[in-house]
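Please work through the following exercises with the sequence and the structure at hand. Each task is followed by a solution in steps.

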Amino acid sequence: MLRVIQNIFLFIILVLVQVLVLNNIQFLGFVNPYIYILFVLSLPVRMKRWLTLILAFVLGLTIDSFSNTPGMHAFATVLIAYLRNGIIHLFTSIEEGNNPIPSFYSFGVGAFVKYVVIMVIIHHSALFLLESFSLTNIWLVSLKIIISSFVTILMILGIKSMFKK
Amino acid sequence: MRNLINFLIRYSVMILFLFLEAISFALVVNNRDYQKSVFLSSSNTLVANMYEASNSVVEFFKLKAANENLAEENTALKNEIIALHNQLATLMPQKKDSIRFRIPPEMEFTYISAKVTNNSTNRLQNYITLNKGRRDGVRVDMGVISDEGVVGIVKTVSDKYSVVIPVLNEKLKINCKFKKNNYSGPLEWTGEDYRFARLDDIARHVEFSLGDTLITSGYANNLPEGIPVGTIDNFKIKESDAYYNIKVKLAVNFRTLSYVKIIDYKNYKEQKAVEQKAAED
């Protein structure tokens with residue numbers, strides 16, 4: 001129960017921070033970090049997969065409605081929500097009975113960093129490719145993906161390292 | 001039958017995934033049209049109210065610049081009034097024998113002033129939300145300008161808010177021309193820098209130089225002629241090209257945009273109707 005309330009809070013705070021602060025940051029001219037996916041990244045490992053998908057969809061749509069991009073964030077977020085379990089199993093071996101929240105402490109530093117990097121890159125690639133919707137701007141889009149992913153990863157790892165759990 | 005049910009249970013997560021992705025993708029694709037529904041955009045009342053609240057804080061920090069702009073505009077307007085008074089005085093005697101049947105050209109446009117409540121400059125498709133909507137007389141397809149120059153075109157309207165598709169959006173092409181020789185071409189944003197855009201279709205024989213001013217051509221029914229768009233920043237032409245590749249420095253600073261004017265063109269309906277009729281025949 002406590003976890004549910006914590007997650008609801010996390011959802012609201014992440015959406016507010018993303019929409020009111022980060023969407024206004026124009027780092028290096030056109031780079032926009034998207035840290036709201038931290039919500040999907042830090043859902044418990046054994047969360048029901050259908051619930052993860054639905055939550056990701058709702059989160060994506062919320063961000064979409066604030067940034068005039070119907071569907072784009074929803075698409076990218078559902079995609080990483082679906083791939084999440086596979087990626088977690090790739091890097092870690094968590095015992096049957098455990099249900100930890102992904103973090104440096106439960107995964108180990110190396111595994112957690114790999115997990116965050118892969119998830120963020122998949123999300124940002126899907127998002128920016130969907131935004132441009134063609135291959136004419138492919139260099140600009142790749143540059144955006146690389147720089148934005150880098151900033152997002154740094155921010156997410158920074159936030160995570162502040163919490164001891 | 002049992003196999004089918006087993007199959008559905010086994011792949012339920014996958015099916016849900018595909019279903020949600022299909023919805024998202026459909027939303028993205030439908031949104032590529034020039035007109036889109038008000039739903040799920042920042043002219044949505046809840047979202048817009050929240051943006052307005054956050055904007056009231058940010059606005060405070062922009063007050064000084066806005067004040068300076070207003071003062072400048074004020075003096076310019078006052079000077080213009082004096083100049084017009086003088087002109088009017090000289091023209092007075094001739095007025096008797098001219099009877100006017102139509103709206104005089106200087107009264108074809110009126111302005112609706114509006115405040116920017118949400119604005120982005122860092123995406124490939126940027127949008128601007130304004131705090132005026134249908135009940136203030138805003139219609140879809142009206143032009144939007146600021147004191148500095150052209151901003152964009154109204155895309156969606158709700159009762160109290162409207163969303164503008166600005167020059168900083170690949171979907172919008174504004175037809176503009178050189179102030180000094182009237183050669184015109186479409187202006188398009190390249191998606192990289194909010195200060196610059198690209199001008200196309202200027203043929204090799206056209207003469208111009210760095211720093212030349214570009215204004216709107218008035219060939220559309222939403223932006224009148226003569227509004228500043230930008231200045232020539234740089235241009236290139238290869239030996240084999242027929243057209244110049246021109247980099248334009250935009251007149252408007254989209255990062256500091258806070259007050260704009262929406263242009264209400266009185267003859268919009270009539271012009272649109274007659275153009276449509278011509279296209280149908």
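The exercises below treat helix packing, paired strands and backbone angles.

The model is predicted: local features need pLDDT of at least 70, side-chain atom pairs count only at pLDDT 80 or more, and totals for chains, interfaces and linings use all residues. Residues are numbered from 1 along each chain as its sequence is written, while chains are lettered from A and ligands numbered from 1 in the order in which they are written.

**Exercise 1.** Determine how α4(A) and α6(A) are oriented to each other.

Step 1. Helices (H or I, at least four residues) and strands (E, at least two) are DSSP runs, numbered from the N terminus. Axes are lines fitted to C-alpha atoms, for helices over the stretch in contact, and angles run from 0 to 180 degrees between N-to-C directions.

Step 2. Helix α4 (residues 72-91) and helix α6 (residues 109-132) of chain A pack at an angle of about 155 degrees, and their axes are 9 Å apart.

Step 3. Angles under 35 degrees count as roughly parallel, over 145 as roughly antiparallel, 65 to 115 as roughly perpendicular and the rest as oblique. Therefore α4(A) and α6(A) are roughly antiparallel.

Step 4. By class, their contact has 17 nonpolar, 3 polar and 3 charged residues. Here Ala, Val, Leu, Ile, Met, Phe, Trp, Tyr, Cys and Pro count as nonpolar, Asp, Glu, Lys and Arg as charged, and the others, Gly among them, as polar.

**Exercise 2.** In which order do the strands of chain B close into a barrel?

Step 1. Two strands pair if DSSP finds at least two bridges between them.

Step 2. In chain B, 6 strands close into a barrel in the order β1-β2-β5-β4-β3-β12, with antiparallel pairing. Neighbouring strands of this sheet are turned by 45 degrees against each other on average, direction ignored.

Step 3. Within chain B, strand β4 (residues 150-157) is joined to strand β5 (residues 162-166) by 5 bridges. B:Ile153 stands opposite B:Ile165 in β5(B).

**Exercise 3.** Is B:Asn182 buried or exposed?

Step 1. B:Asn182 lies in the loop between β6 (174-178) and β7 (184-188) of chain B.

Step 2. A residue is buried if 20 or more other C-beta atoms, placed from the backbone, lie within 10 Å of its own, exposed if 12 or fewer, and partly exposed in between. Because B:Asn182 has 10 C-beta neighbours inside 10 Å, it counts as exposed.

Step 3. Most residues other than glycine have a negative phi. B:Asn182, although not a glycine, has a positive phi of about 70 degrees.
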